[in-house]
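Thanks for coming, everyone. I'd like to walk you through one model today. Please have a look at it first.

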Number of protein chains: 2
Amino acid sequence: MPSQSCGHLKVLVMAGGRGTRFWPLSRAVRPKQCIALSGERSLIQQTVDRLNGLVKPECVLIATGRDMEQAVRQQLPEIPAENFLVEPRGRNTAPCIAWGAVEIARRWGGDTVMAVLPADHLVADEVSFRQVLAAAAEGASRTNSLVTIGIQPTRPETGFGYLKVGGELGRWGGKPFLRVRRFVEKPDVETARTFLESKEYLWNAGMFCWTVDAIRDAYREYLPGTWAAMEALTHQPSTIEKLWERFDATSVDYGVMERSRGVLTVPADLGWSDVGAWSALPAVLGASQGGTLVAKEKVIIDASGNVVHSPDKLVALLGVEGLVIVDTPDVLFVGRLDRAQDMRAINEELERRGLQRYL
Amino acid sequence: MPSQSCGHLKVLVMAGGRGTRFWPLSRAVRPKQCIALSGERSLIQQTVDRLNGLVKPECVLIATGRDMEQAVRQQLPEIPAENFLVEPRGRNTAPCIAWGAVEIARRWGGDTVMAVLPADHLVADEVSFRQVLAAAAEGASRTNSLVTIGIQPTRPETGFGYLKVGGELGRWGGKPFLRVRRFVEKPDVETARTFLESKEYLWNAGMFCWTVDAIRDAYREYLPGTWAAMEALTHQPSTIEKLWERFDATSVDYGVMERSRGVLTVPADLGWSDVGAWSALPAVLGASQGGTLVAKEKVIIDASGNVVHSPDKLVALLGVEGLVIVDTPDVLFVGRLDRAQDMRAINEELERRGLQRYL
């Protein structure tokens with residue numbers, strides 16, 4: 001049973017991102033992981049809830065940023081106060097994971113298995129998720145390899161990196177572990193179609209599992225500066241502020257995983273989504289009359305394919321298609337759904353005009 | 001000077017309409033005339049303000065309905081309490097004007113000149129408005145004719161009735177008074193273009209001036225049932241509730257004006273608008289980047305030709321065109337501006353689903 005076979009599993013939840021593409025629901029002081037896209041629980045609350053029965057709250061570390069620390073802590077009262085790692089400033093995932101590894105080694109020892117999970121993804125099939133994570137932990141422990149959870153692609157997505165997989169090394173926790181032959185950057189749509197048809201590629205979802213010793217070895221080899229800083233941090237945890245700038249500001253994918261030999265992947269079919277922008281919601285939440293609407297009441301006349309978030313109001317739509325409409329106490333945003341990627345332009349104008357309070 | 005030449009002028013402001021096409025800003029308990037489309041003052045407040053220096057508040061009667069009585073009274077503290085005529089229920093303009101005429105005759109005598117003004121129109125040029133109204137009062141008094149203020153058309157509008165004008169009868173108050181040869185129902189766009197080019201047509205704006213005796217005579221001839229009820233009402237003002245059903249539920253245009261001989265019009269160029277729907281606002285308020293926006297702050301990226309009302313928020317638009325976006329505390333409406341006339345469909349669905357509280 002999963003909960004027995006991975007009693008040593010600790011989890012680092014990465015909750016340092018802003019998620020500006022969910023503006024204005026996501027804000028500097030209430031980042032994407034702290035918002036509830038549907039229902040009552042926020043994305044980070046769902047991320048922790050999802051571990052229920054597999055990992056206890058005291059075995060979960062939360063890495064986050066200073067701006068959003070308060071919001072994140074408030075949402076997770078079950079996590080002990082000392083389990084929050086507050087990054088001096090955002091420096092991508094490699095430093096964050098290094099710090100988490102050091103902290104887990106200090107508390108529980110170098111042979112501890114740790115999983116790394118993003119705080120702001122959605123997973124529809126929680127039972128499968130726990131089975132896969134338990135298996136990943138067992139495989140990581142037995143093989144001492146870096147393990148990444150590979151998501152079965154369901155569409156020719158151009159927004160993710162891919163894993164090209166090779167043969168099966170073995171099975172642990174009831175799941176096959178495949179060799180990762182290489183990491184592939186975000187492809188164009190034609191390439192993505194080929195990947196989908198070939199069945200030789202999985203999505204790289206940013207969910208990892210390894211022993212602390214294994215990830216330390218990988219950092220030592222591929223990010224030696226970060227490794228040296230990690231060593232110093234291990235002996236003096238209070239020096240994080242000073243050491244933070246010495247960590248390499250890169251992603252763990254680019255800095256470590258893509259360069260490592262012997263990386264393994266567990267294929268998983270979880271109903272997973274990174275919900276990267278408003279336009280991702282219909283695939284995750286489904287659509288009915290008018291589109292994908294979170295509203296108190298709805299009146300829809302000749303409208304379809306919209307994404308609406310206005311949970312406390314009656315929302316009336318007349319003749320509109322393909323819009324994203326987000327209503328918050330101090331901001332109302334209406335845009336074309338196919339331009340959701342251009343949210344950055346709004347952010348930039350707010351900064352330029354000194355309206356940072358709306359960011 | 002106008003204020004001297006029309007010392008006897010009394011005004012009946014008709015404030016009984018709902019103005020459902022400005023939903024959700026206009027509501028059953030806060031009808032169109034009670035909303036502020038721009039600035040601080042509502043349409044009915046602006047209507048009364050506009051009489052400043054010409055007619056004192058105690059010479060203004062307000063006809064309104066039971067649903068909206070409270071909202072209307074609250075907005076007009078300067079109008080004496082006994083000057084509000086609260087209609088038992090809406091029965092179009094003929095009964096409303098009959099009651100106003102009776103009440104004015106009872107208080108000030110049958111030779112009093114009365115003007116009838118809608119509560120929910122906008123007039124940009126207030127000085128011209130007062131000059132025209134003063135002149136209309138003088139002409140109505142001297143000729144004992146029914147006088148209607150005719151608006152110079154500025155576009156081939158298909159939403160209004162027109163007046164076909166004939167020769168000039170004379171000048172009073174410095175303005176020419178033209179004979180009205182006939183009233184024309186709302187034309188199609190081709191006909192409207194012909195009207196505009198011919199310069200022989202004016203818009204019928206629903207603003208009238210006459211002596212009480214003259215309008216009584218017209219009612220007696222063309223709406224004898226209403227006339228009989230008026231006579232009874234004159235002797236027993238408390239019987240309005242019982243008599244109300246005996247008034248003809250028709251418009252004064254159709255029931256009286258179109259049938260009357262010798263109707264006169266004063267042409268006027270006032271920057272007038274009946275602001276009949278959200279789509280009328282750009283012509284009235286002007287447009288800048290993004291369209292016609294009432295908002296606390298605006299961020300506009302590639303958006304134009306929208307009408308937005310969200311006075312307390314930052315409004316951000318991305319790539320959208322031709323939308324009407326109205327944000328109220330309990331309703332958010334987003335529709336295509338070219339479908340503003342279909343607001344009725346939303347109203348009907350709200351009623352059908354028992355959501356009248358949003359009407």
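Domain bounds here come from an automatic or database domain assignment. For chain A, that assignment gives domain 1 (2-273) and domain 2 (278-358). The C-alpha centres of domain 1 of chain A and domain 2 of chain A are 29 Å apart.

Some ground rules. This is a predicted model: local features need pLDDT of at least 70, side-chain atom pairs count only at pLDDT 80 or more, and totals for chains, interfaces and linings use all residues. Residues are numbered from 1 along each chain as its sequence is written, while chains are lettered from A and ligands numbered from 1 in the order in which they are written.

Back to the domains. What touches what? Contact means C-beta atoms, placed from the backbone, within 7 Å. By that rule, 10 residues of domain 1 of chain A contact 17 residues of domain 2 of chain A. The domain 1 side of chain A has 6 nonpolar, 3 polar and 1 charged residues. Ala, Val, Leu, Ile, Met, Phe, Trp, Tyr, Cys and Pro count as nonpolar, Asp, Glu, Lys and Arg as charged, and the others, Gly among them, as polar.

Now the two chains. How is chain B laid on chain A? A turn of 180° and a shift of 0.1 Å along the axis do it, with an RMSD of 0.1 Å. That is the relation of a two-fold axis. The same surface serves both copies: 100% of chain B's contact residues recur in chain A. The superposition is by least squares on C-alpha atoms of residues with pLDDT of at least 70 in both copies.

Terms used
Two residues are in contact if their C-beta atoms, placed from the backbone, lie within 7 Å.
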